[in-house]
Amino acid sequence: MGTLEPFEIGKPLSILGLSPLAEELRQNIELLASSNSNIVIIGEPGSGKRHAALLIHSKAKHQKGGEFWEIGPQASETELKTLLFQEGPQSPHKARPKILNKLDVRSTLFIKNIHEFNFLNQTRIARFMIQNDIGGNRGKPAARVLISTPVPWKELVQKQRVVASIDHHVRHFEVLVVPPLRKRPEDIPQMIHAFVGELASNDSRRTLKIGPEVLERMKNYEWNGNIKELRLLVEETLENSKNGVLVLPPSFFDEVTLLQDILKSIRAGKRCALEETVGFLERGIIQRALKQTDFDRQKAARQLGLNEKNLSYRMKKYKIWVPDSGTKKRNGNV
């Protein structure tokens, strides 16, 4: 959260997809939007938790005209205190910011990835919940609170990723689960169509042809980055598509297929991008080792003949995603 301005909701939002899981998600959002409930939104990175939060706020009739506030773990102490308690730096020439006047019963406060806030800021959030009876029953709270997390709340508590004072309130929240993209591959064509319409800058790029083999490969892809990864692919493809036809990057092919294609190109005297190809091969091998070791970086590094620091460097270089529960960097040894 770089500023203390509420998020402006523009065009109507919707959950893309026609699959049973997409329809179930739509129904759950409609049901929760009509209530006054505070909500924990659970879903993998990139699966659309923030989008679901925006939908809940925009569809809530009792919050009509209210503002949507978003705060993440990167927020400064000053931003957090100003938003929650109207406490900010004072000067003789500046009046105290009237943020709290806007954070009212019609507002939604969306707290992204609560487990990534340091414990001091988590305690501040807990104090806000106590003062405003968030999750309690003494009266109307200052705002509706939505909290996002990549794993079930009980898992965060068990692994000591959240302070007890927050758990005391959040355990009474309603729960909304956003399914990962790989569990609803039949929604991919509609999402591609929507992203093309959103990203296209002129009429000549408003269509993107997808061959049946390409579409089948996309449906079988794991999509570790979920909807966000799909959107980035569409964005990249619009720039590099050939005559409006979607061409998948090498990362969509397994190492054996990719290597076979490279050898065919060499035998045919065609050009091949060696450095790029080696990078994709290395990325795929690292991903396989991580999955084989249940995302244990130490074991994967040993299997690949690397040290853990070198493996982490390569993972960062190739933007390799791993489940949050498989990392061991943050508090709680998760």
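**View 1. Crossing of helices α8 and α9.** In this predicted model, the axes of helix α8 (residues 188-199) and helix α9 (residues 212-220) come within 10 Å and cross at roughly 105°. Because crossing angles of 65 to 115 degrees count as roughly perpendicular, α8 is described as roughly perpendicular to α9. The residues that meet here are I188, P189 and I192 from α8, and L215, M218 and K219 from α9.

**View 2. The whole chain, for orientation.** The secondary structure of the protein comes to 14 helices and five strands, and buried residues make up 44% of its 334 residues. Of the contacts between residues at least 6 apart in sequence, 73% join residues that are at least 24 apart.

**View 3. The open five-stranded sheet.** The five strands form an open sheet with parallel pairing, in the order β2-β3-β4-β1-β5. Strands β2 (68-71) and β5 stand at the edges with a single partner strand each, so one side of each is left without a neighbour in the sheet. On average, and with direction ignored, neighbouring strands of this sheet are turned by 20° against each other.

**View 4. Strand β1 and its two partners.** Strand β1 (residues 39-42) pairs in the parallel sense with strand β4 (residues 144-149) over four bridges, and in this pairing I42 stands opposite T149 of β4. Strand β1 also pairs in the parallel sense with strand β5 (residues 174-177), again over four bridges, and here V40 stands opposite V175 of β5. The side chains of I39 and I41 point one way from β1, whereas V40 and I42 point the other way, and all are buried. In a regular strand the side chains alternate between the two faces of the sheet.

**View 5. Strand β3 between β2 and β4.** The parallel pairing of β2 with β3 runs over four bridges, and I71 stands opposite I111 of β3. Four bridges likewise join β3 to β4, the two strands running parallel, with L109 placed opposite V145 of β4.

**View 6. Helix α1 and its buried side.** At 1.5 Å a residue, the 14 residues of helix α1 (residues 20-33) should span 20 Å, and the end C-alpha atoms are 20 Å apart, which agrees with that expectation. The buried residues include A22, L25, I29, L32 and A33 of α1. Because these residues cover an arc of only 95° around the axis, they lie on the same side of α1. The face turned away from this buried side carries the exposed residues P20 and L31. What covers the buried residues of α1 includes β1, α2 (49-59), β4 and β5.

**View 7. Helix α2 and what covers it.** The buried residues of α2 are K49, A52, A53, L54, L55, I56 and H57. Among the elements that cover them are the helix α1 and the strands β1, β2, β3 (108-111), β4 and β5. The cover between the two helices is listed from both sides, as α2 is also among the elements covering the buried residues of α1.

**View 8. Two loop residues with positive phi.** Most residues other than glycine have a negative phi, and most peptide bonds are trans. N113, which is not a glycine, has a positive phi of about 45°, and it is found in the loop between β3 and α5. D294 is not a glycine either, yet has a positive phi of about 55°; this residue is found in the loop between α12 (274-292) and α13 (297-303). Because exposed means over 50% relative accessible area, D294 counts as exposed at 63% relative accessibility.

View 9. L120 lies in helix α5 (residues 119-131) and is exposed, with a relative accessible area of 52%.

How values were computed:
Residues are numbered from 1 along each chain as its sequence is written. This is a predicted model: local features need pLDDT of at least 70, side-chain atom pairs count only at pLDDT 80 or more; totals for chains, interfaces and linings use all residues. Side-chain values use heavy atoms; hydrogens and water are left out. Buried means under 20% relative accessible area, exposed over 50%, partly exposed in between (1.4 Å probe, protein chains only). Two strands pair if DSSP finds at least two bridges between them. The expected span of a helix is 1.5 Å times one less than its number of residues. The arc is that of the directions from the helix axis to the C-beta atoms. Contact means heavy atoms within 4.5 Å. Axes are lines fitted to C-alpha atoms, for helices over the stretch in contact, and angles run from 0 to 180 degrees between N-to-C directions. Angles under 35 degrees count as roughly parallel, over 145 as roughly antiparallel, 65 to 115 as roughly perpendicular and the rest as oblique.
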